[in-house]
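Welcome! Here is a friendly walk through some of the links that hold your attention in a protein model, taken one kind at a time.

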Amino acid sequence: MPGHRRQPSIEFLELMGVVKENGGDHVGVPHGHAPLSYDYVLVGKTKEEQDKESFKKQKAFIEALKCKKLKVTKILDDDIIFYGIQAPKEIFERYRHLLKVSDACSWSDEQNAMPFRTRIRIVHYIVNHTTISTGEDLRGLLKKKVFEARFCLHEKKKQRELRQIWARWTACFQGQPITAVRSYFGEKVALYYLWLGWYTYLLIPAAVVGLVVFLYGLTFFNRSPLIKEVCESNAVMCPLCDKRCQVWQLSDTCTYTKLSLLFDNGSTVFFAMFMAVWATLFLEFWKRHRASYVCEWKVSDWNEEEDDLILGIVNNPDAEPKQYKHSYLRSTLVLICVTLMRPILPLQILVIIGLTHALVVFRVMAAVMMAEGSWKLLSDHSNLGAMVLGAFLHYVIITVMTRINRIVAWKLCDIEETRSFSATEKSFTVKMFTFQFFTYFSSLFYVAFFLGRINGHPGRYSRIAGKWRLEECHPSGCLTDLFIQMAIIMTLKQTISNVFEFTVPLFHRWWKRKRTQKLQRRCGHCFKKDDSEGVSGAELCENCKLRDWVGNYQLNDVNSFSLFNEFLEMVIQFSFTTIFVAAFPLAPLLALINNIIEIRLDAIKMVTLERRIVPKKTNDIGIWTEVLEAIGVMAVIANGLVIGVSSDFIPRIVYLYRYGPCANGTAADSHCMAGYINNTLSIAHMADPDIRNEFLPEQMITPSGLNFSSCSYKDYRSDGDYSFTPQFWLILAVRFAFVILFEHVVVIFKFVTAWCVPSAPMQVKNIRLFDKFNQLKQENSLFLEKEASKE
């Protein structure tokens, strides 16, 4: 019948000693083994669905697992086979003993009891380090489609509890049950949510200060004489493009100037310094926050290398450790191999830089086409329209390059041949973040530090291929361009990513369930004992067991780097929140709103929409700490340069104290900043042959029909030879002096802050001290008892 699923057939392979392989004799449950806790599940195709060689390898791998005394349950379901894997008690006893021997002075909860998350971790290690006669391990067999999938099962009761207290939208403003998350997903996942929650919590003061700065900007531009000067100006500005662009009135940009002064005012300097110190406080207090939890979890002294050695011996008593190797000759050869023989890294950097240049070209060409178009609205705001389109194109490039960057980073890691998975993860993290950082921020660095500074001047404009003029800064400054670019990219990235991150796996699960509705039935007997299955010792019926395994199989796949994707997304957001925050004080507020949603989104996805991630043990967030510290340093440099070089803060200060009415003693009836806008403009005369060659006569006619023989442009140049004026060089000197002063002051604040905040609370240090002391006393007592018994 169409849509009919045949009843599942079950074949027991050493199923907990219940059915023997040679005859199926019932012998009872082995002593000390939990009969219902399947530690791991493998999924493969049936013999009819695979070629003979692949099925032979599948069978050989299962036999290799059996040789390691793992219990395997085989369930057939149409064209796929489920292998439920259980480890005997002896394996976990051996792990517990070796853990105690290697870590005698540091108590761990795993020395007294064996949590299910640790069982999964041990079995995962054994299964993934089992090889067949051809030398292939599970990873290689998965690549060759010998097995379709591997996963560990969700625990229904704990899964339901996590949904009720954590993984639901109505809990957005509640605290996180980090200890329960650790108990189910392991320390690595728990520390991610602990870090994300702490980051979100500390975003509150940053968001409040940013909002205050924004509101100050609103009051500032309402009373700023600069806006009045622009809105009432009679200055006629030079055409912004060739051919069809005409001269225009500076007063036409009144609204744009108001927007610029929202983010380019004196409070920007304070906010940039505040965020630089905030980044340091965030990292230092995070270390204290983390220390409290890892102390409570008794993993402060946990060592990954020792744990790998223990797992290696548990997997194979005859195993040899992988020795450390270092050779300057080999390191040199690897470097040459990476940079010359297989130039993936330099090629990738060149591609990213090339895409940045492509964005510049696109913006220039788009501005020309809009200016020369028939639509007046776009023609009048061609530069703004080109900038917005460029930001959208930049987002598309980010989306595409993320996939390419991942492939390239993996290729580079394969070349390096790292010693362990943690080393591979560290190397991959550094490379992937570097590529993503360039992809996200290369265009922003152009807007912040190069836009409008390399475009030349009337008569000698810089051109692409000798044809298209480079963009100019708006007379009110380039900081608004950076703000718009950041706002579009940050908003699109957070909104669209969250929508796809949730809806795609949700639709995937709905579609799979729709296709397999027959498996949703449960017998009444299994339903009654569902909540007590680990206690009663009773086995689920075949249909209910298959239903549970198929349900887990149909969830979205996860791997060792699934958590990496979440970290990368948040660290990139942290970069946006700190590096160019001087141009976008609302970034912390947007990040706060996003993170409140992100925590629950990730929780719902991890608990209900994805397969259970393999619990990993750790006591820190790893290389991400160093990455965050590097971002904090870059934030100081970038914000200092944004304020000193990109904004008009320094030119205003120089004008106020050197060239303005107050400095000259002529401010009797005027404001100290009166005349600033005109002071920033230079004049190009049509009498100059270079200017006549640059602008056509019809370009010097305003839309109202007035003909002008000169036009203004933003720069500090003389009217005769267009050389830089002394005021330009003074402003340039003050800019660099400010950058140096700003960075030194902020760095001093950062160091003082870091020094004043210990990395661990005193209470945590005392707890660890007494833990070690009690362990030593216990060992001493055992030693004295042993000596006394000898006498």
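The side chains of D264 and R652 come together in a salt bridge, with 3.7 Å from N to O. A salt bridge here is a side-chain nitrogen of Lys or Arg within 4 Å of a carboxyl oxygen of Asp or Glu. D264 sits in the loop between α9 and α10 (266-296), while R652 belongs to helix α24 (residues 649-659), so the pair ties together parts that are 388 residues apart in sequence. Both D264 and R652 are buried. Buried stands for under 20% relative accessible area, exposed for over 50%, and partly exposed for what lies in between (1.4 Å probe, protein chains only). The helices (H or I, at least four residues) and strands (E, at least two) named here are DSSP runs, numbered from the N terminus.

Before going on, please note that this is a predicted model, in which local features need pLDDT of at least 70 and side-chain atom pairs count only at pLDDT 80 or more, while totals for chains, interfaces and linings use all residues. Residues are numbered from 1 along each chain as its sequence is written, and side-chain values use heavy atoms, with hydrogens and water left out.

How many salt bridges does a search of the whole structure find? The search gives 21 salt bridges. One of them joins E155 and R612, whose closest N and O atoms are 2.9 Å apart. E155 lies in the loop between β5 (147-151) and α5 (156-165), and R612 in the loop between α22 (587-609) and α23 (624-646), so this pair ties together parts that are 457 residues apart in sequence. E155 and R612 are both buried.

K287 and E629 also meet through their side chains in a salt bridge, at 3.1 Å from N to O. Here K287 is part of helix α10 and E629 is part of helix α23, so the link ties together parts that are 342 residues apart in sequence. K287 is partly exposed, with a relative accessibility of 21%, and E629 is partly exposed too, at 33%. Salt bridges can also link up in a network, as they do for K57, E136 and K144.

### The disulfides

A disulfide is a covalent bond between the sulfur atoms of two cysteines. In this report, a pair of cysteine sulfur atoms within 2.5 Å counts as a disulfide. Searching the whole structure turns up 3 disulfides, and the table sets them out.

| Disulfide | S to S distance | S-S torsion |
|---|---|---|
| C231 to C254 | 1.8 Å | about 70° |
| C238 to C711 | 1.9 Å | about 85° |
| C662 to C672 | 1.6 Å | about -70° |

Let us take the pairs in turn. The torsion about the S-S bond of C231 and C254 is about 70°, so this disulfide is right-handed. C231 lies in helix α8 (residues 225-231) and C254 in helix α9 (residues 254-263), so the bond ties together parts that are 23 residues apart in sequence. C231 is partly exposed at 27% relative accessibility, whereas C254 is buried at 16%.

For C238 and C711, the torsion is about 85°, so the disulfide is right-handed. C238 is found in the loop between β6 (236-237) and β7 (248-249), and C711 in strand β13 (residues 710-714), so the pair ties together parts that are 473 residues apart in sequence. C238 is buried, with a relative accessible area of 3%, and C711 is buried at 1%.

Which hand does the disulfide of C662 and C672 have? The torsion about its S-S bond is about -70°, so the disulfide is left-handed. C662 lies in helix α25 (residues 661-664) and C672 in the loop between α25 and α26 (676-679), 10 residues apart. C662 is partly exposed at 35% relative accessibility, and C672 is partly exposed at 26%.

### Two helices that meet

Two packed helices are described by the angle between their axes and the distance between the axes. The axes of helix α2 (residues 89-102) and helix α3 (residues 116-128) come within 11 Å and cross at roughly 100°. Axes are lines fitted to C-alpha atoms, for helices over the stretch in contact, and angles run from 0 to 180 degrees between N-to-C directions. The helices α2 and α3 are therefore roughly perpendicular to each other, a label for angles of 65 to 115 degrees, with those under 35 called roughly parallel, those over 145 roughly antiparallel and the rest oblique.

In α2, the residues I91, F92 and Y95 meet T118, R119, R121, I122, V123 and I126 of α3, where contact means heavy atoms within 4.5 Å. The residues of this contact divide into 6 nonpolar, 1 polar and 2 charged. Ala, Val, Leu, Ile, Met, Phe, Trp, Tyr, Cys and Pro count as nonpolar, Asp, Glu, Lys and Arg as charged, and the others, Gly among them, as polar.
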